[in-house]
Amino acid sequence: MVEFPIPDSERYLVLVNPRAAGGQPAALRRRIGGAMSARGVPFDIVETSTPEEGLAVVRTAALRGFRAVLAAGGDGTIALALRGTAGSTTPVGILPFGTGNQLALNFGIPLSLEEAIRVAVEGAIERIDLGRIGEERFALIAGAGLDASVMAETTTEMKSRLGVLAYFYAGLKNVVTAKPITYRITADDQEIEVQAVMVLLANAGLLGAGSLPVEVQVAPKTSFQDGLLDVAVFAPRHLPDMAAMLWKVALKRYSGDERMIFLQAQRVRVESDPPVAAQVDGEARGETPIEAEIDPLAGRIIVPRNT
């Protein structure tokens, strides 16, 4: 009997974060395998134990020209897939199994596994900007100060027990104790020095609270396709200030408040005195200073088709 092997260009690579779905990767693989088989498409499922291993697997799939890489996990897993496929023609599909699922929110990806796989198989490919810090690309947000401290203190155990409320718990704890420090920000040809508690470098604009009905756009002009990073500087003096600022951002009232500064740039350097924690797409990444730039349309992602 003659065999007709399926070419790589028709295959899907499913990258599974073993900590996703409550840390039960075997059950998750079975669910994904059943849903992919139901769509009648060829696929390989790979579970990796380290980010470095995952990045190598994704880059190999991109070099071999796989039809798509489907990232099953949270925003970190999806960002890793986007980093590994950056500059190639291989798109990334999102199977959201994280705590916050911010990228799924931004691209309208359903939280149902079956529906997310339907989008990954039948959706449209859209090119998007990626941020870059050194050799590391990010899809969502990098930051320094309060947000990075919150990410660092939100442990895997807390996320397993509390879900998205783990971020609120850590956030409230850090807001109460946060003290403004001096930031020096260079955004292309603009330079500012400001007392603040947090600086965000946003590629994505929309942030949500998981299953809670809370969504905010962190800056007024965020776009995945404008070739710019959005710099958002927040300088509350106390907890009521922070609450007032969050309320204004939720209402998209970005102007007329000296506690909030918004810039756009292709390249940004953030320094602080003293150095503070930094994060990239929700993962701790050392301390300031950080330097970031935009990598225009370097990523490809699968989104729902317009009906």
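## Basis of the description

Residues are numbered from 1 along each chain as its sequence is written, and side-chain values use heavy atoms, with hydrogens and water left out. Because the model is predicted, local features need pLDDT of at least 70 and side-chain atom pairs count only at pLDDT 80 or more, whereas totals for chains, interfaces and linings use all residues.

## Nonpolar cores

A nonpolar core is a set of buried Ala, Val, Leu, Ile, Met, Phe, Trp, Tyr and Cys residues joined through side-chain atoms within 4.5 Å; buried means under 20% relative accessible area, exposed means over 50%, and partly exposed lies in between, with a 1.4 Å probe and protein chains only. The largest nonpolar core has 65 residues, of which I32, L95 and F107 touch the most other members. Helix α6 (residues 113-122) gives this core its largest share, six residues; helices (H or I, at least four residues) and strands (E, at least two) are DSSP runs, numbered from the N terminus.

If neighbours within four places in sequence are left aside, I32 is in contact (heavy atoms within 4.5 Å) with V14, V16, I45, A72, L95, L113 and I117. In soluble globular proteins, nonpolar side chains tend to be buried together.

## An aromatic cluster

Rings of Phe, Tyr and Trp (its six-membered ring) pair if their centres lie within 6.5 Å, and planes under 30 degrees apart count as stacked, over 60 as edge-to-face and the rest as tilted. By this rule there are three aromatic pairs, and one of them, between F234 and F262, is edge-to-face, with 6.1 Å from centre to centre and 85° between the planes. F234 belongs to strand β13 (residues 229-234) and F262 to strand β14 (residues 260-265), so that the pair links parts of the chain 28 residues apart.

F234 is buried, with a relative accessible area of 7%, and together with Y254 and F262 it forms one aromatic cluster.

## Helix α10

Helix α10 (residues 239-250) has twelve residues and reaches 17 Å from its first C-alpha to its last, which is close to the 16 Å expected at 1.5 Å a residue, where the expected span is 1.5 Å times one less than the number of residues. Within α10, D241, M242, M245 and V249 are buried. Seen down the axis, the buried residues of α10 fall within an arc of 100°, so they line one face of the helix; the arc is that of the directions from the helix axis to the C-beta atoms. On the other side of α10, P240 and W247 are exposed.

## Salt bridges

With a salt bridge taken as a side-chain nitrogen of Lys or Arg within 4 Å of a carboxyl oxygen of Asp or Glu, the count comes to 13. R39 and E122 form one of them, their closest N and O atoms being 2.1 Å apart, and this pair links helix α2 (residues 25-39) with helix α6 across 83 residues of sequence.

In another salt bridge, the closest N and O atoms of R132 and D295 are 3.6 Å apart. R132 lies in strand β5 (residues 124-133) and D295 in strand β18 (residues 290-303), so the pair ties together parts that are 163 residues apart in sequence. D295 counts as buried at 14% relative accessibility, whereas R132 is partly exposed at 24%.
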